[in-house]
Every structure is written in C-alpha cells, then in structure tokens.
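Subject: A structure for you to look at

Hello,

I am passing a structure on to you, together with some notes on what turned up in it. Please have a look at it first, and then read on.

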Amino acid sequence: MEFLAQLFQGVLAIKLGQLVMFIIGGTLIYLAIKKDYEPMLLLPIGFGAILINLPYKAMWEFTPEIDPIVTTIIQKYPEFQNLFTEHFHYIIQEGKALKAEPSIMQVLFRSGILTELMPVLMFLGIGAMMDFSSLLKNPKMLLFGGAAQFGIFATIIGAQFLGFDLFHASAIGIIGAADGPTAIYVATKFAKDLLGPISVAAYSYMSLVPIIQPPVIRFLTSKEERMRPVPYRDIKVPKIAKIIFPIAVAVTAGIIAPISAPLIGFLMFGNLLKESGVVGRLSKAAQNELANLVTLLLGITIGSTMYYETFLQKETLFIMAMGLVAFVFDTAGGVIFAKFLNLFSKEKMNPMVGAAGISAFPMSCRVIHNMTVQEGSENNILMQAATANVAGQIASVVAGSLVLVVVPKLF
C-alpha cells in the first residue's frame with residue numbers, strides 16, 4: 001500500500017485549480033496550432049502553463065535540504081543569519097539552514113525576465129527586422145502611431161476605477177501598446193505579480209487583431225471612406241538617412257527619457273545592424289537565431305508565471321477585459337484621428353490607415369488592406385498601412401517609456 005501511495009502521490013496531489021490551468025494551457029496550444037494565433041508565443045506559453053502546474057511545483061521548487069556548513073556558521077554566529085536569508089536565499093528553521101537550488105524555470109525567470117534581459121533582446125531582433133524607409137518617406141505617419149496609443153491611457157483610467165493602484169493600472173494599460181515585449185518590460189517594473197495575465201492578455205489580443213479591428217473600423221467608417229485611396233509618394237531614401245535615423249532616435253530618446261534607453265536603444269541598434277550593410281551575418285543572426293531563441297525561452301518562462309494560485313483570481317478576468325478595451329480604444333483612436341485630419345486636408349485619405357497605427361506588425365496592416373479589398377476597392381493601401389504600422393512600433397515603445405517616466409513622479 002505504501003508503494004501504491006508513493007506511485008500515485010502525484011495524482012492524489014492534483015487540485016482543481018491545476019486542472020483548470022491544464023485546460024487553459026491546452027486552449028492556448030490549440031489556438032496556436034489549429035487557429036495559427038501567434039503560434040511562436042502562445043504555444044510555449046501554453047506548455048509552460050501546464051508544466052508549472054504539475055503537482056508539488058516540480059518545475060519551480062526543489063525540496064530544501066539542510067546545509068551543514070551554513071547551519072554551523074549561524075549557530076555559532078547568529079548575527080550572520082540575515083546575511084544568508086536575504087542575500088543567499090536560505091531558509092532558517094529550528095536553527096538549521098535549508099537551501100533549495102533554483103529550478104531551471106526560476107533561473108530563466110530571474111535572469112531573463114526580472115532583469116529585463118529577454119524583452120530587451122527581443123527588441124534587438126525586432127529592430128533588425130524593421131524597415132523604417134517607408135516612414136522616412138512620409139514622416140506624417142508617425143502621428144497615426146501616436147494616436148493609436150490612446151487605448152493605453154484610457155485603460156489606465158479604467159483599471160483605476162476597477163480598484164487597481166496606479167502602478168498596477170499602468171502595467172495593465174500598456175497592453176494597449178499591442179507590443180508584447182513592451183508590456184512585459186513595464187510589468188516587470190510596476191507589477192511583477194501580474195506579469196502572467198498581462199503577458200497572456202497582450203499576446204492573445206495581438207493574435208486576435210483580425211477579429212477585433214474590423215468591427216470597430218466598420219462602426220466608425222462608411223463604405224465610401226473604406227474604399228478611399230491613400231496618397232503615396234515614392235521617394236528614394238538615401239542610405240545615409242537610414243543609418244542616421246536609428247542613431248538619432250536612440251540619442252534623442254535617451255536624453256529626453258533616459259529610462260527608455262534599453263528599449264529604444266536595442267530596437268535601434270538592431271535596425272542599425274540591418275541598415276549599415278556591413279554586418280550582414282550579425283543582422284541575420286539577430287533576425288533569426290537570436291529572435292527565435294529569445295521567443296522560445298520568453299514564451300515558456302512567461303507560461304511559468306501562470307501558477308493556479310496566483311493566476312485564477314478575479315484580477316485576471318479584469319486584466320483580460322481591460323486588455324480588450326485597450327485594443328478597441330487603440331483602433332478607434334487611430335481611425336478618429338485620421339477622420340479628424342481629413343477635416344483639414346484637401347486630399348482626403350482612407351481613415352482605416354489610422355487603425356494600422358497600433359504596434360501589432362504586420363497583422364494590422366494586412367487586416368486594413370484586406371478590408372479595402374473586401375469592399376471592392378481597387379486601391380492598394382498596403383504600403384501606406386504598413387508605414388502606419390511601423391510608426392506604431394516606435395510609438396508603442398515611446399508610450400511605454402512615457403509611462404515608466406511619468407507614473408513614479410506622480411507619487
């Protein structure tokens with residue numbers, strides 16, 4: 001009987017909350033495989049959620065063992081007890097020092113997430129993939145990137161009404177940046193305890209852009225507006241301009257908002273690798289090997305934060321709801337801003353382009369282009385929508401940096 005009890009101890013230890021998380025993790029994996037919703041992130045996040053909810057926290061905690069040397073030290077010199085508990089993570093029980101070696105999940109979380117290493121490296125890879133030449137041809141598109149960040153600040157206000165303090169509300173609001181790494185980066189600064197649901201909400205809604213944006217756009221625009229062309233002038237951008245741009249943006253952002261330097265600095269460094277034309281191997285490595293490896297580790301590490309005792313709370317439902325609100329307001333903000341500009345422009349543009357100002361690249365610009373085609377329009381606005389989408393990439397990082405700078409000063 002004792003053998004059977006040991007054999008089935010894992011089965012007997014499973015709680016209802018863990019079974020629920022197995023279902024949630026399985027759902028994320030299903031959406032990744034069957035629906036092709038952000039598979040590179042939802043699949044590892046879903047599997048990480050399953051792993052972390054195995055019985056006895058097998059993937060997170062090891063059973064503490066007595067360290068005889070440290071036990072002898074603290075028994076002889078009690079004044080050293082705080083040193084070992086605070087800096088070396090020992091647990092003191094009945095005068096004995098217990099030490100649990102960190103699991104692989106703890107190592108990844110502490111060294112990759114809490115230090116912001118993985119999100120920053122992700123920005124390096126994203127920067128190496130970005131082409132800002134279309135934005136340099138039409139700098140006005142930066143305005144659409146800024147307008148489409150309205151959802152961030154609307155969500156911050158809404159989250160405070162739901163009872164979240166300003167730091168937690170700001171971390172939730174940044175979901176509206178439609179930029180997973182930015183959401184993770186801000187959450188590690190303001191709300192480490194909400195990192196799991198914020199990350200899941202950010203990436204889930206990014207993958208649902210083709211479902212979320214069209215109804216909002218149709219509600220705010222007429223068929224005639226959706227069929228309009230968008231003015232486009234093909235101007236050749238000198239190579240020197242492409243090289244100076246990332247350097248200038250990094251320096252300017254670093255001077256105005258130093259806290260934004262890691263995010264914008266690595267994003268622009270990645271872009272400089274690409275545009276310099278002299279480090280092709282490094283650029284390709286950042287775009288492929290580095291980006292893929294960081295995405296893999298980031299996803300499964302985020303999944304490891306979804307332990308049932310902390311994830312299955314009413315706050316998680318609020319965060320998911322507010323994330324949806326953020327995306328809706330982002331889309332609406334971009335469209336309304338474009339319609340506002342049309343009031344003062346002789347050459348009217350398709351207001352749907354404003355909705356592409358969110359950071360979900362390249363999904364949003366494809367959605368906008370497909371909607372134009374579905375309306376029967378022969379106007380190709382893919383390039384213009386992509387330009388607004390690129391602007392959203394920069395604007396989301398700037399918005400996240402603005403939140404990091406302003407919120408602490410309000411206390």
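Leaving aside its neighbours within four places in sequence, which residues is I198 in contact with? They are A171, I172, I175, A183, A187 and I319, where contact means heavy atoms within 4.5 Å.

Before going further, a word on the model: it is predicted, so local features need pLDDT of at least 70 and side-chain atom pairs count only at pLDDT 80 or more, while totals for chains, interfaces and linings use all residues. Residues are numbered from 1 along each chain as its sequence is written, and side-chain values use heavy atoms, with hydrogens and water left out.

**The cores**

I198 comes up again here. Together with I172, I198 touches the most other members of the largest nonpolar core, which has 100 residues. Helix α24 (residues 382-409) gives the most to this core, with 11 residues. Apart from this core lies another, of 5 residues, among them V70, F84, Y90 and A97. A nonpolar core is a set of buried Ala, Val, Leu, Ile, Met, Phe, Trp, Tyr and Cys residues joined through side-chain atoms within 4.5 Å. Buried means under 20% relative accessible area, exposed over 50%, and partly exposed in between, with a 1.4 Å probe and protein chains only. Helices are DSSP runs of H or I with at least four residues, numbered from the N terminus (strands are E runs of at least two).

I172 also belongs to the buried residues of α12, which are L166, H168, A169, S170, A171, I172 and G173. Because 7 of the 8 residues of helix α12 (residues 166-173) are buried, this helix is largely enclosed by the rest of the structure. What covers those buried residues includes α11 (150-161), α13 (180-190), α14, α21 and α24.

**Helices that pack together**

The axes of α8 (residues 117-129) and α19 (residues 280-303) come within 8 Å and cross at roughly 145 degrees. Axes are lines fitted to C-alpha atoms, for helices over the stretch in contact, and angles run from 0 to 180 degrees between N-to-C directions. This crossing is left-handed, a term used if the near helix is turned anticlockwise from the far one by less than a right angle (right-handed if clockwise). From α8, the residues in the contact include M118, L121 and M122, and from α19 they include S283, A286 and Q287. By class, the contact of α8 with α19 has 12 nonpolar, 5 polar and no charged residues. Here Ala, Val, Leu, Ile, Met, Phe, Trp, Tyr, Cys and Pro count as nonpolar, Asp, Glu, Lys and Arg as charged, and the others, Gly among them, as polar.

The axes of α8 and α13 come within 9 Å and cross at roughly 155 degrees. That makes α8 roughly antiparallel to α13, as angles over 145 degrees count as roughly antiparallel, under 35 as roughly parallel, 65 to 115 as roughly perpendicular and the rest as oblique. α8 passes α13 in a left-handed crossing. P119, V120, M122, F123 and I126 of α8 make this contact with P181, T182, I184 and Y185 of α13. These residues divide into 8 nonpolar, 1 polar and no charged.

Helix α4 (residues 39-52) packs with helix α14 (residues 195-207) at an angle of about 140 degrees, with their axes 10 Å apart. α4 and α14 are therefore oblique to each other. Their contact is made by L41, L42 and I45 of α4 and V200, Y203, S204 and S207 of α14.

**Some single residues**

- E116 lies in the loop between α7 (104-113) and α8. Its phi is near 65 degrees, a positive value in a residue other than glycine, and E116 is buried, with a relative accessible area of 14%.
- T331 is in helix α21 (residues 314-342) and is buried, with a relative accessible area of 1%. Leaving aside neighbours within four places in sequence, T331 is in contact with Q213, V216, I217, A355 and I358.
- F245, in helix α17 (residues 239-256), counts as buried at 17% relative accessibility.
- K236 is found in the loop between α16 (223-226) and α17 and is exposed, with a relative accessible area of 79%. K236 and L136 are 100 residues apart in sequence and 9.5 Å apart in space, C-alpha to C-alpha.

Enjoy exploring it!

Best wishes
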